[in-house]
Amino acid sequence: MWNSVVVVPPAALLAGALLCLAALPAPAVAAARPTGRTTTLSVLSFGAAADGVTDDAEALVAAWRAACRVPRATVLLPSRHRFLVSPVTLQGPCSTRLTLQVDGTLLAPPDMDSWPKSRRPLQWLNFKWLNGFTIQGAGTVDGQSITSLQDSSPAGAPHQRSTVHWHSSGAKPTLVRFYGSFNVTVRNIRISNSPQCHLKFDSSGGIKVKNVTISSPGDSPNTDGIHLQNTRDVEIRSSSIGCGDDCVSIQTGCSNVHMKNIVCNPGHGISVGGLGKDNTLACVSDLVAENINVQNALYGVRIKTWQGGVGSVRNVTFSNIRVANVATPIAIDQFYCDRGGARCANRTGAVAITGVAYRRVVGTYSFQPVRLACSDARPCTGVSMVDVRLSPAASAPAGTAAPLCWNSYGEASGTIEPLGVGCLQRSNGYAMPLTQPSNYTC
């Protein structure tokens with residue numbers, strides 16, 4: 001049965017909601033609504049200018065607050081309109097099955113780096129404490145953080161283009177962030193030009209991301225595509241991600257994450273970590289990445305941990321991974337350090353890594369096919385490679401690096417090319433068991 005759509009003027013909806021709330025307890029209000037009907041509230045009805053210049057944050061928040069009280073409500077940003085919105089928090093709890101329908105263009109302010117420090121946000125669109133929420137549509141969420149410029153090249157010479165990151169000297173907010181939210185679906189929208197991470201889930205669960213396009217230039221720093229932390233039961237499918245950092249970044253507290261049919265071009269590939277920074281506890285388990293296509297990237301599939309951390313990474317499977325012109329397709333780095341020229345201190349502890357499978361990883365590399373640099377104190381165990389075939393890309397320099405397996409234990413089988421890729425050590429009893437004090441276990 002098709003759902004009927006009822007467009008309600010804001011004044012009538014608010015008056016009706018207040019009347020109902022005064023006369024009945026909240027459960028009775030919800031029960032009085034027909035379950036087969038959808039209430040749609042356009043932000044235009046709440047005073048949005050929709051000209052791409054005027055701040056429409058107040059209209060968006062007003063529409064959200066009204067819709068939050070009504071089961072099966074939709075907040076609509078109509079097509080062929082541009083909505084400039086200053087940083088907002090859209091929070092629950094709300095009635096069931098709330099939807100944000102983005103069919104137009106939702107724009108972040110282009111000058112937040114010039115705001116006083118007290119006003120610089122950590123997030124632009126901040127969603128909190130929602131359950132059963134969907135954001136979808138045929139429109140675009142645009143961070144406006146990239147500006148293309150042309151230089152004054154001599155006549156007849158090709159113009160040289162460059163990108164300017166408007167948050168390079170100030171705050172770098174996440175574009176879209178979910179916190180403490182469950183049973184959330186993000187589908188069909190385009191998210192572009194974020195000043196930092198494009199789409200972030202923190203302390204959430206039951207997440208579905210499908211048919212989403214994320215795009216920023218490959219040289220835009222720290223612009224992760226999708227970032228997960230302390231989030232469980234995640235499904236990311238059929239999406240295209242291009243950015244200047246990890247296409248998907250999985251941090252501590254994540255488990256049961258399934259990624260399938262994802263294109264990463266450009267970026268830093270699919271990444272677990274960095275974990276264990278500043279001697280912290282990190283726990284990640286039960287990850288599957290399959291049918292992943294990585295092109296023109298720094299890494300293909302990578303696990304990275306800081307020295308001195310504790311905890312574990314367990315049960316990770318990378319299967320049917322195709323790479324093209326990727327610097328290092330397969331990497332485990334337990335000596336990760338991103339402090340630029342500063343050296344990170346050597347430490348004996350490490351986040352333990354066990355049960356990592358690489359199945360049918362094929363394609364071309366531009367620097368080193370495999371780099372497994374595992375801890376001296378806590379070697380990687382249970383690593384398997386099956387049918388891994390990697391060859392130098394046409395653009396690769398003549399002296400590409402040989403595969404590296406350092407303190408990495410496991411087995412290689414099937415077709416292995418080049419032969420050095422199968423450099424895993426077989427366990428000889430030296431590898432330390434995964435036993436740590438109870439305070440440090442996941």
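The largest cavity is lined by Val43, Asp56, Leu60, Leu77, Phe83, Val85 and Leu106, where a cavity is a set of points, on a 1 Å grid over the protein atoms alone, at which a 1.4 Å probe fits but cannot get out, and lining residues have an atom within 4 Å of a point. By class this lining holds 6 nonpolar, no polar and 1 charged residues, with Ala, Val, Leu, Ile, Met, Phe, Trp, Tyr, Cys and Pro counted as nonpolar, Asp, Glu, Lys and Arg as charged, and the others, Gly among them, as polar.

The space in the largest cavity comes to about 30 Å³, and a search of the whole structure finds 1 cavity of 30 Å³ or more; a volume is the space filled by probe spheres set on the points, which are joined across faces, edges and corners.

## Basis of the model

This is a predicted model, in which local features need pLDDT of at least 70 and side-chain atom pairs count only at pLDDT 80 or more, while totals for chains, interfaces and linings use all residues. Residues are numbered from 1 along each chain as its sequence is written, and side-chain values use heavy atoms, with hydrogens and water left out.

## The open space

The largest pocket (an open set of points with protein on both sides within 12 Å along at least five of seven lines) has a volume of about 710 Å³. Its lining consists of 27 residues, of which Asp224, His227, Ser249, Gln251 and Asp338 lie nearest the centre, and divides into 6 nonpolar, 13 polar and 8 charged residues.

Because domain 1 (38-144 + 172-245) and domain 2 (247-338 + 347-428) both give residues to this lining, the largest pocket lies between them, the domain bounds coming from an automatic or database domain assignment.
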